[in-house]
Amino acid sequence: MMNAAPASRFLRACAGLPVDATPIWLMRQAGRYMRNYLDVRAKYSMLDCIHTPELAAELTLQPIKAFEMDAAIIFSDILPPLMGMGLNLEFVKGEGPVLHNRLERPYDIDRLATPPAEQTMSGTLGAIKLVSAELGHHTPLIGFAGAPFTLASYAIEGGGSKTYQRTKTLMYNEPTAWQRLMHKLVTVQADYMRKQVQAGAAALQLFDSWAGHALGRLDYIHYVQPFNTQLFHMLADLDVPLINFSTGTSSYIEAVAQCGGTVLSVDWHMPIDEVWTRVGTDRPIQGNLDPIALLSNWRELKFRADDVLDRIAGRPGHIFNLGHGIFKETPVDNVKRLVDYVHERTLTPPTGGWA
Ligand code: CP3
């Protein structure tokens with residue numbers, strides 16, 4: 001829990017405190033919609049960028065310099081920790097991530113290692129040190145990790161998936177192997193997230209991108225909820241907010257919220273006022289603009305941003321964000337206009353002094 005009241009908008013909103021204007025940052029804000037990201041990536045591979053602190057720091061800071069973002073997120077990816085466990089990860093151009101030696105049988109799970117993060121993710125930890133020193137207290141830096149289910153799905157499918165057939169078949173047929181896999185992932189991720197805070201991260205986000213796409217409510221409660229709950233519990237003593245992100249989970253958002261986390265980050269399927277009715281208005285919420293709105297004209301984009309803000313109705317505890325990552329086709333001007341608009345529309349004049 002937080003000790004003194006935090007000063008930055010983002011950390012105040014995460015604590016449910018009033019803010020001078022609604023904080024905003026965008027998931028995947030350092031990415032291919034930015035010209036200078038593409039310039040760096042033309043020279044260095046994705047894994048080089050992740051494992052070289054100076055490159056990761058530069059990419060992290062690009063959107064902070066270009067826009068008035070209220071938080072930075074460290075440039076990395078959710079998948080590299082799997083490399084330290086023994087999986088052979090490659091980012092294939094035009095295809096996305098591929099795990100060449102995917103987990104096929106329980107024996108493969110038992111062979112996975114659980115090394116400490118400083119051995120396997122020292123590039124990201126080093127980048128966090130560089131960026132947090134450069135940003136100081138003004139712009140908080142968010143560290144992150146993938147949730148056990150989402151990571152397990154990549155490790156078992158060997159990459160992305162539409163149906164999660166292999167993952168669910170292993171989960172159903174080999175429930176004890178599934179538990180061993182999830183425990184290993186919880187161990188590795190809890191250690192990694194803690195060390196990101198020690199390196200200077202001011203908040204942590206857990207990305208459970210695919211559980212909601214793959215699983216119905218009962219499977220979520222049985223096969224996912226215990227492990228996300230355990231992970232949040234293991235991090236609860238840290239002095240930073242924990243953001244619990246998922247997509248496709250509207251039909252069982254209560255079960256997602258119950259896992260823990262200071263802030264619940266939701267996609268655009270359900271309006272935020274309804275999320276609040278279901279999980280309690282005391283829970284800070286992050287979201288939930290459809291990222292495709294950023295591809296449309298300003299009238300449509302403003303209409304959708306206004307809808308999010310109208311439903312918040314000035315209640316404290318809101319961090320404006322997308323419901324999922326920004327698309328590479330997004331016009332940079334739309335990002336700037338959205339960020340500025342959210343600040344301008346929500347700005348409250350300082351109290352005290354002459355009215
Ligand atoms: O938000 C940020 O600016 C920080 C960087 C960040 C990346 N990946 C960089 C990245 C973060 C927070 C992630 C998280 C991530 N990675 C998730 C969870 C969030 C989500 O979107 O659900 C997932 C599922 C991944 C796995 C992943 N990495 C995929 C599926 C892909 C390929 C698809 C795609 O969007 O290109 C990646 C590659 C990746 N990770 C890129 C970036 C900037 C693109 C690399 C490139 O082609 O230049």
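**Entry 1**

I began with Arg9 and Asp20, whose side chains form a salt bridge with an N to O distance of 2.7 Å. I then placed both partners: Arg9 belongs to helix H1 (residues 9-14), while Asp20 is in the loop between H1 and H2. The two are 11 residues apart, and the pair links distant parts of the chain. I note here that the model is predicted. For the whole structure I looked up the total, which is 19 salt bridges.

I asked which pocket holds the ligand, and found that the ligand sits in the largest pocket. I next looked up which elements give two or more residues to the shell around the ligand. These are helix H2 (35-43) and strand S3 (96-99).

**Entry 1: residues around the ligand**

I found 24 residues around the ligand. Those that come nearest are Arg28, Arg32, Tyr37, Ser209 and His324. I sorted the shell by class and got 15 nonpolar, 5 polar and 4 charged residues.

I went through distances to oxygen atoms of the ligand. For His324, a polar side-chain atom is 2.5 Å from a ligand oxygen. For Tyr37, a polar side-chain atom is 2.6 Å from a ligand oxygen. Gln29 takes part through its backbone: a polar backbone atom there is 3.2 Å from an oxygen atom of the ligand. I then checked how much of the ligand the protein covers. On its own the ligand has 870 Å² of accessible area, and the protein covers 87% of that.

**Entry 2: backbone geometry**

I looked for a cis peptide bond and noted the one from Gly287 to Asn288, with omega near -10 degrees. Asn288 is part of strand S8 (residues 285-289).

I also checked Tyr164, a residue other than glycine with a positive phi, near 55 degrees. Where is Tyr164? I found Tyr164 in the loop between helix H9 (148-157) and helix H10 (165-173).

Key
Residues are numbered from 1 along each chain as its sequence is written. This is a predicted model: local features need pLDDT of at least 70, side-chain atom pairs count only at pLDDT 80 or more; totals for chains, interfaces and linings use all residues. Side-chain values use heavy atoms; hydrogens and water are left out. A residue is near a molecule or strand if one of its heavy atoms lies within 4 Å of it. A polar contact is a pair of N or O atoms within 3.5 Å; within protein, one must be able to donate a hydrogen and the other to accept it, and residues adjacent in sequence count only if both atoms are side-chain atoms. Accessible areas come from the Shrake-Rupley method with a 1.4 Å probe; for residues, only the protein chains shown count as cover. On a 1 Å grid over the protein atoms alone, a cavity is a set of points where a 1.4 Å probe fits but cannot get out, and a pocket is an open set with protein on both sides within 12 Å along at least five of seven lines; lining residues have an atom within 4 Å of a point. A molecule sits in a cavity or pocket if more than half of its atoms lie within 2 Å of its grid points. Helices (H or I, at least four residues) and strands (E, at least two) are DSSP runs, numbered from the N terminus. Ala, Val, Leu, Ile, Met, Phe, Trp, Tyr, Cys and Pro count as nonpolar, Asp, Glu, Lys and Arg as charged, and the others, Gly among them, as polar. A salt bridge is a side-chain nitrogen of Lys or Arg within 4 Å of a carboxyl oxygen of Asp or Glu.
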